[in-house]
Amino acid sequence: MAVSDQDVDKQIRHMMAFIEQEAKEKAEEIDAKAEEEFNIEKGRLVQNEKLKVMAFYEKKEKALDLQKKIQRSNLLNQSRLRVLKSRDDHVKTLLEETRRRLADITSSPAKYDKFLEDCITQGLCQLLEPSVVVRCRREDADRVKKVVTKSQSEYSRITKGKSCTVQVDTAYLPAGSSGGVELYSRDGKIKVANTLESRLEMVSSQMVPQIRTALFGKNPNRRFDD
């Protein structure tokens with residue numbers, strides 16, 4: 001049976017419509033896939049940038065927190081240093097006042113004579129030399145000469161019979177000295193300082209921890225005394 005031109009034309013239009021529909025669906029499918037891939041890539045890029053921003057601000061926050069801790073530590077250290085300096089200044093003032101009052105010891109002749117005698121005796125026992133030179137203030141020369149004999153006798157008693165020749169030096173302690181004596185071996189190589197200043201220095205260095213505790217209380221951070 002022969003196909004008419006009308007039928008052929010109809011079949012051609014049908015095929016063209018089918019092809020157009022297929023092309024349209026394929027184009028829509030491609031567009032949809034492209035849109036999906038675009039959204040996925042966009043989401044990935046946005047997420048990456050979001051993570052970068054979060055990491056940046058987290059780093060800034062940590063740096064700021066560290067800076068605050070350092071500043072706080074510095075302020076605490078500065079505060080501690082100011083407190084320690086204030087305490088040290090107070091202790092120094094106390095010791096200076098004690099030094100100024102050393103001269104009061106010499107105001108009682110009997111007590112000062114006994115002090116000089118004990119200082120000389122102690123120095124002789126430390127030196128254990130057969131011959132010793134004693135140096136004192138110019139104004140104490142007569143006092144020292146007066147008590148030397150007693151010191152020699154006490155030294156002999158303590159050392160069970162040892163004797164020592166004592167010479168009062170013609171050179172004197174500095175004019176600003178508060179009192180006391182210095183003892184030297186005959187060759188001058190060994191010295192025992194028993195001046196009021198040296199004894200205060202020795203006692204104060206040993207008692208500074210106790211002085212601090214008495215003035216400011218015990219330091220909870222210190223396990224041992226100085």
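Entry 1: I looked up Lys-69 and found an exposed residue, with a relative accessible area of 54% (exposed means over 50%, buried under 20%, partly exposed in between, using a 1.4 Å probe and protein chains only). I then checked Asp-65, which is partly exposed at 38% relative accessible area. Their side chains meet in a salt bridge, 3.6 Å from N to O (the term needs a side-chain nitrogen of Lys or Arg within 4 Å of a carboxyl oxygen of Asp or Glu). Why are Asp-65 and Lys-69 separated by about one helical turn? I noted that they are four residues apart in helix 1, residues 5-100 (helices are DSSP runs of H or I with at least four residues, strands are runs of E with at least two, and both are numbered from the N terminus).

A note to myself on the source: this is a predicted model, where local features need pLDDT of at least 70 and side-chain atom pairs count only at pLDDT 80 or more, while totals for chains, interfaces and linings use all residues. Residues are numbered from 1 along each chain as its sequence is written, and side-chain values use heavy atoms, with hydrogens and water left out.

Entry 2: other salt bridges. How many salt bridges does a search of the whole structure find? I got twelve. One of them joins Lys-191 to Glu-182, with the closest N and O atoms 3.6 Å apart. Here Lys-191 is partly exposed at 46%, whereas Glu-182 is buried at 13%. I also found a network of salt bridges linking Asp-113, Arg-143 and Lys-146.

Entry 3: helix 3. I turned to Arg-157 and Glu-154, whose closest N and O atoms are 2.6 Å apart in a salt bridge. Both sit in helix 3 (residues 141-158), three residues apart, about one turn of the helix. Arg-157 is exposed at 56%, and Glu-154 is partly exposed at 27%.

Next I followed the helix itself. Helix 3 has 18 residues and reaches 25 Å from first C-alpha to last, close to the 26 Å expected (1.5 Å times one less than the number of residues). I found a kink of about 35 degrees centred on Val-147 (the angle between axes fitted to the seven residues ending there and the seven starting there). Val-147 is also among the buried residues of helix 3, as are Val-144, Val-148 and Tyr-155. What covers these buried residues includes helix 2 (109-127) and strand 1 (131-135). Last, just after helix 3, I saw that Lys-160 takes a positive phi of about 60 degrees.

How values were computed:
Contact means heavy atoms within 4.5 Å.
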